[in-house]
Amino acid sequence: MRPLYSVEHPWDEPVAPRVLLYQLAGAMDAGHAGRLAVEQLLMTLPSERMATFDTDSLIDYRARRPMMVFDTHSYTGVEMPELVLDLLQDDEGRDLLLLYGAEPDYRWEELAGAVTHLALTMGVTQAVSMAGMPMAVPHTRPTYVHHHGNRPELLPEQPDFFGRVEFPGSMSGLLELRLGESGLDSRGLTVSIPHYVARDDYPAGAAALLSAVAETTGLALPLGDLEAAAAVNRAEIDAEAASQPEVAAVVAALEAQYDTYAPPRADADEISRLLDVPTAEEIGARLEAFLEANDAAEEGPQGR
């Protein structure tokens, strides 16, 4: 079997990343919040490739067909999926690792072991995932980020929205579990995205994610581009809502619900009602439907 990954950073050049951030495309990421956060980091921070994973052995290409370019009489290009680990420096010059790319179809446990080995070898002590979840919240109010992880005592005080629930797993979820079992402070950040924009880019969600990452890890991360994009996006959504009475009515209802139970007056039960949190069974059913819809969109008209 081919090696799972190749290391591209010279081993004789030491690095000292304390934090591993990761976001894998293919599972749930409402508002593309995690993807936009990754793009912001890559666009604004110095980076270099640490390792490249063998997607030929990880991806089912018939389930997610690579995009090819055909021009006149010839194929001229193909965009193959990637899964990579980069070394970045934050705004104060501190090293951090960023794992991003396609969520694998195969070898999940082996990949989790490889990522854990790489993280521990380089001295990582904290790992954080990033994702967006569609919720019944308005775009006109502050964006909420839910924290979860293997050390509840280190998480900020927050309501227990979900209790115990079972739903289809993701590679990010498995990484959070396995990295925690290895002894790291393993956390996940899930931002609440207004359900009516869940399939569009929502930069406010990405800005909230990176702000939470900075607060959680102590890293100095650039947010300006995302915050500017969020302001433009907010204006666009406002204009769309103003032109469609049914959308405006939904937003107004969500605003009224939010304001009724808005912090600091809200307790855990009130915030749960604010976010219209479903039952455990409903969460599992909705997430499964969301994943199936994503799979269908990725397969396209040809299917498998």
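Student: Which residues are buried in helix 6?

Tutor: V251, L254 and Y258 are buried there. Keep in mind that this is a predicted model.

Student: And where do they sit around the axis of helix 6?

Tutor: They cover an arc of only 65° around the axis, so they are on the same side of helix 6.

Student: What span should helix 6 have, going by its residues?

Tutor: Helix 6 runs over residues 245-260, and at 1.5 Å a residue its 16 residues should span 22 Å. The C-alpha atoms at its ends are 22 Å apart, so that agrees.

Student: OK, switching to the inside. How many residues are in the largest nonpolar core?

Tutor: That core has 37 residues, and L21, L41, M130 and L210 are those with the most contacts inside it. Several elements supply at least two residues each, including strand 2 (19-25), helix 1 (33-44), strand 8 (126-135) and helix 5 (224-243).

Student: Which helix gives the most to this core?

Tutor: Helix 4, with eight residues.

Student: You mentioned L41. What is L41 in contact with?

Tutor: Leaving out neighbours within four places in sequence, L41 contacts L21, L88, L98, L210 and L221. There's also another core lying apart from the largest one, with 30 residues; L24, A51, I59 and L97 are among them.

Student: New topic: S192. Buried or exposed?

Tutor: Buried, because its relative accessibility is 8%, and the cut-off for buried is under 20%. S192 is in strand 10.

Student: What does S192 touch?

Tutor: Not counting residues up to four places away in sequence, S192 touches M133, M135, V137, T143 and Y144.

Student: And where is G183?

Tutor: G183 is in the loop between helix 3 (171-181) and strand 10. With a relative accessible area of 43%, G183 counts as partly exposed.

Student: How far is G183 from L120?

Tutor: Their C-alpha atoms are 9.4 Å apart in space, while 63 residues separate them in sequence.

Student: Let's zoom out. How many helices and strands does the protein chain have?

Tutor: Eight helices and 10 strands. Of the 304 residues in the chain, 47% are buried.

Student: What share of contacts comes from residues 24 or more positions apart?

Tutor: Among contacts with a separation of 6 or more, 81% are between residues 24 or more positions apart.

Notes. Residues are numbered from 1 along each chain as its sequence is written. This is a predicted model: local features need pLDDT of at least 70, side-chain atom pairs count only at pLDDT 80 or more; totals for chains, interfaces and linings use all residues. Side-chain values use heavy atoms; hydrogens and water are left out. A nonpolar core is a set of buried Ala, Val, Leu, Ile, Met, Phe, Trp, Tyr and Cys residues joined through side-chain atoms within 4.5 Å. Buried means under 20% relative accessible area, exposed over 50%, partly exposed in between (1.4 Å probe, protein chains only). Helices (H or I, at least four residues) and strands (E, at least two) are DSSP runs, numbered from the N terminus. Contact means heavy atoms within 4.5 Å. The expected span of a helix is 1.5 Å times one less than its number of residues. The arc is that of the directions from the helix axis to the C-beta atoms.
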